[in-house]
Amino acid sequence: MIVGVGIDVVDVARFAATLQRVPGLRDRLFTPDERELADRSLAARFAAKEAVAKALGAPPGMSWQDATVRRVAGAQPVVEVTGTVLARATELGVSRFHLSISHDAGIASAVVVAERD
């Protein structure tokens with residue numbers, strides 16, 4: 001059963017400029033493993049995190065670092081949730097997330113479907 005759907009779109013150049021302009025933003029939004037990625041990958045991961053939040057009803061107090069996007073060789077990316085995001089997912093009975101990420105023509109996008117058994 002679908003619990004929620006989230007979608008987000010990010011302008012890669014604008015996002016990269018914001019990361020440069022706002023000290024500490026990269027550390028606040030991304031886990032240590034994510035921080036070293038290229039700007040377009042960071043923009044896509046930010047879109048994915050936004051989409052996860054929207055799929056969960058965008059409750060206040062969720063930490064950006066409590067959702068991590070991981071690439072799996074030969075498979076679609078996966079969302080790993082911990083802490084505040086896991087707590088909200090558990091509250092809603094979410095048992096899995098389906099994630100699709102894309103970046104093209106300077107735009108990064110992500111769609112997330114939160115599902116429960």
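This text goes through the fold of the protein chain and then one annotated site. The model is predicted, so local features need pLDDT of at least 70, side-chain atom pairs count only at pLDDT 80 or more, and totals for chains, interfaces and linings use all residues. Residues are numbered from 1 along each chain as its sequence is written, and side-chain values use heavy atoms, with hydrogens and water left out.

The protein chain has five helices and five strands, where helices (H or I, at least four residues) and strands (E, at least two) are DSSP runs numbered from the N terminus. Their order along the sequence is β-α-α-α-α-β-β-α-β-β.

For 117 residues, a compact globule would have a radius of gyration near 13 Å, and the 14 Å of the protein chain agrees with this. That radius is taken over C-alpha atoms, and the globule rule is 2.2 Å times the number of residues to the power 0.38. Buried residues make up 40% of the 117; buried means under 20% relative accessible area, exposed over 50%, and partly exposed in between (1.4 Å probe, protein chains only). Of the contacts (heavy atoms within 4.5 Å) between residues at least 6 apart in sequence, 53% join residues at least 24 apart.

UniProt, in an unreviewed entry, places a "binding site" at D8 and E50. UniProt positions are given in the numbering used here, feature names are shortened, and annotations may be inferred rather than shown by experiment.

D8 lies in strand β1, residues 2-11, and is buried, with a relative accessible area of 12%. Leaving aside residues up to four places away in sequence, D8 touches residues including E50, K54 and S109.
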